[in-house]
Amino acid sequence: MILKVGQTLASAVDATAVIVVRAPKSDVALTCGGIDMIVGKSTAASGDIDPAHRGGSLLGKRYVDDVAELEVLCTKAGDGTLALDGRHLEVKPAKPLPSSD
């Protein structure tokens, strides 16, 4: 699937929903719970989460893959783990605030 900045994606197996913040230029497979995500708003979940991809996604966190230069913002939490081309996405660390001494 070719991803575009601002695109909304939803999981087919749980409640997870994300918005694409930074998109790779190539065709990729973004999955949640081991199943490809679908374009658009969340619908009724159908199917089971792959046990190897169970771990959850956190509301308000940004998930990144530095290899493909992908960044997504989780707008709805769920039980499935986000992955890109089989690699689990990592939570983007917060930037440290400057000292106010």
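**Contacts, core and pairing in a predicted model**

User: Which residues does Leu30 touch?

Analyst: Leaving aside residues up to four places away in sequence, Leu30 touches Leu3, Leu9, Asp36, Met37, Leu70, Val72, Ala83, Leu84 and Leu89. Contact here means heavy atoms within 4.5 Å. This is a predicted model, in which local features need pLDDT of at least 70 and side-chain atom pairs count only at pLDDT 80 or more, while totals for chains, interfaces and linings use all residues. Residues are numbered from 1 along each chain as its sequence is written, and side-chain values use heavy atoms, with hydrogens and water left out.

User: How many residues are in the largest nonpolar core?

Analyst: That core has 16 residues, and those with the most contacts inside it are Leu30, Val72, Leu82 and Leu89. At least two core residues come from each of strand E2 (17-22), strand E3 (30-32), strand E8 (70-76) and strand E10 (82-84). The largest share, three residues, is supplied by E8. A nonpolar core is a set of buried Ala, Val, Leu, Ile, Met, Phe, Trp, Tyr and Cys residues joined through side-chain atoms within 4.5 Å. Strands (E, at least two residues) and helices (H or I, at least four) are DSSP runs, numbered from the N terminus.

User: Why would such residues be buried together?

Analyst: In soluble globular proteins, nonpolar side chains tend to be buried together.

User: Back to Met37. Is Met37 buried or exposed?

Analyst: Met37 counts as buried because its relative accessibility is 3%. Buried means under 20% relative accessible area, exposed means over 50%, and partly exposed lies in between (1.4 Å probe, protein chains only).

User: Where is Met37 found, and what does Met37 touch?

Analyst: The loop between strand E4 (35-36) and strand E5 (38-39) holds Met37. Not counting residues up to four places away in sequence, Met37 touches Met1, Leu9, Ala10, Ser11, Thr16, Val18, Leu30, Thr31, Cys32 and Leu82.

User: Thr16 is on that list. Which side chain makes a polar contact with the side chain of Thr16?

Analyst: The side chain of Ser57 does so, at 3.1 Å. A polar contact is a pair of N or O atoms within 3.5 Å; within protein, one must be able to donate a hydrogen and the other to accept it, and residues adjacent in sequence count only if both atoms are side-chain atoms. Ser57 lies in strand E6 (residues 54-57) and counts as buried, at 4% relative accessibility.

User: New topic. How many salt bridges does the structure hold?

Analyst: The structure holds three salt bridges, a salt bridge being a side-chain nitrogen of Lys or Arg within 4 Å of a carboxyl oxygen of Asp or Glu. In one of these, the side chains of Glu71 and Arg62 meet at 2.8 Å, N to O. Glu71 is buried, with a relative accessible area of 6%, whereas Arg62 is partly exposed at 35%.

User: What does Lys92 pair with?

Analyst: The side chain of Lys92 meets that of Glu71 in a salt bridge of 3.3 Å, N to O. Lys92 lies in the segment after strand E12 (90-91) and Glu71 in strand E8, so this pair ties together parts that are 21 residues apart in sequence. Through shared partners, salt bridges join Arg62, Glu71 and Lys92 into one network.

User: And which residue forms a salt bridge with Asp65?

Analyst: Arg87 does, with the closest N and O atoms 2.9 Å apart. The pair links distant parts of the chain, with Arg87 in strand E11 (residues 87-88) and Asp65 in strand E7 (residues 62-65), 22 residues apart. Arg87 is partly exposed, at 32% relative accessible area, while Asp65 is buried at 6%.

User: How many disulfides are there?

Analyst: A search of the whole structure finds zero disulfides, a disulfide being a pair of cysteine sulfur atoms within 2.5 Å. For Cys32, the nearest cysteine sulfur is that of Cys74, 8.2 Å away. Cys32 is buried at 0% relative accessible area, and Cys74 is buried at 2%.

User: Last one: in what sense do E2 and E8 pair?

Analyst: E2 and E8 pair in the antiparallel sense over five bridges, where two strands pair if DSSP finds at least two bridges between them. The bridge partner of Ile19 in E8 is Leu73. Strand E1 (residues 8-10) also pairs with E2 in the antiparallel sense, over three bridges, and E1 and E2 form a hairpin with six residues between them.
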